[in-house]
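This short report looks at aromatic rings and the nonpolar core. Keep the model open while you read.

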Amino acid sequence: MDDTRRMSDETIQLQRGIEQLNAGDPAVRGELLNAACGQLMRLTSQLREEFKRSDQGELPDVSLEDLFAGVSTRLYETLFKVPIKDTRHFYQIASVEIRRELIDLCRTGKSSGNSELQQLAEFYDCVDGLPTRQREVFELIWFHEMSRGEVAELLGAEVAEIKRLWRSARLTLHDRLAD
């Protein structure tokens with residue numbers, strides 16, 4: 001991943017939309033969701049591919065479109081309830097809604113005895129339990145596929161700090177999941 005890349009066009013578009021929303025334009029909520037949709041589709045597509053590679057087949061009882069619809073519906077509803085402070089806050093909200101939808105999906109699969117989903121549910125629960133700064137860096141890189149440079153710019157930090165937090169988050173998850 002390119003560590004020198006700065007704010008993506010997607011992030012800049014989100015930033016402008018949030019500014020419009022905060023200036024009183026409620027119609028921009030749909031545009032904000034559209035700006036996040038590409039990323040949500042990539043994420044749900046990757047998840048489906050992971051299941052195929054693990055010989056679990058498709059996501060149990062959920063199509064890619066259903067998963068995408070669940071996440072985007074959650075995010076859209078949240079945009080009506082929560083005032084968005086800035087781009088960083090938007091990404092935090094999106095990450096929470098993605099994680100909640102995935103955990104719900106995994107818990108549904110756990111009841112059917114799917115061990116792969118049980119492991120995935122544990123993983124997302126562990127992500128939720130990371131220290132705040134580690135979790136934020138992890139989510140931006142993992143869920144939103146940002147470069148370390150873009151994360152550094154978004155969080156107002158040095159790339160070296162982001163690399164350290166990313167490594168710490170992965171080690172913490174490894175240690176918690178190794179048990």
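Are Phe123 and Tyr124 buried or exposed? Both Phe123 and Tyr124 are buried. Bear in mind that this is a predicted model.

**Aromatic pairs**

The model holds 8 aromatic pairs. Two of them are set out here.

| Pair | Geometry | Centre to centre | Angle between planes |
|---|---|---|---|
| Tyr76 and Phe80 | edge-to-face | 5.1 Å | 75° |
| Phe123 and Tyr124 | edge-to-face | 5.1 Å | 70° |

Tyr76 and Phe80 sit in helix H3 (residues 64-81). They are 4 residues apart, about one turn of the helix. Tyr76 counts as partly exposed because its relative accessibility is 32%, between the 20% and 50% cut-offs. Phe80 has 47% relative accessibility, so it also counts as partly exposed. Phe80 has a charged neighbour too: Arg29 lies over the face of its ring, 4.3 Å from the ring centre.

Phe123 and Tyr124 belong to a cluster linked by ring pairs.

**The core**

In soluble globular proteins, nonpolar side chains tend to be buried together. Here the largest nonpolar core has 50 residues. Leu75, Phe90, Val137, Phe138, Val151 and Ile162 touch the most other members. Elements giving two or more residues to this core include helix H1 (9-22), helix H2 (28-53) and helix H8 (159-178). H4 supplies the largest share, 9 residues.

Leaving aside residues up to four places away in sequence, Phe138 touches Phe123, Val127, Leu130, Phe143, Trp166, Ala169, Arg170 and Leu173.

How values were computed. Residues numbered from 1 in each chain as written. Predicted model: local features only at pLDDT ≥ 70, side-chain atom pairs only at ≥ 80, totals over all residues. Heavy atoms only, no water. Phe/Tyr/Trp six-rings, centres within 6.5 Å; stacked < 30°, edge-to-face > 60°. Buried < 20%, exposed > 50% of the residue type's maximum accessible area, 1.4 Å probe, protein only. Lys NZ or Arg CZ within 6 Å of the ring centre and 35° of its normal. Core = buried A, V, L, I, M, F, W, Y, C linked by side-chain atoms within 4.5 Å. Contact = heavy atoms within 4.5 Å.
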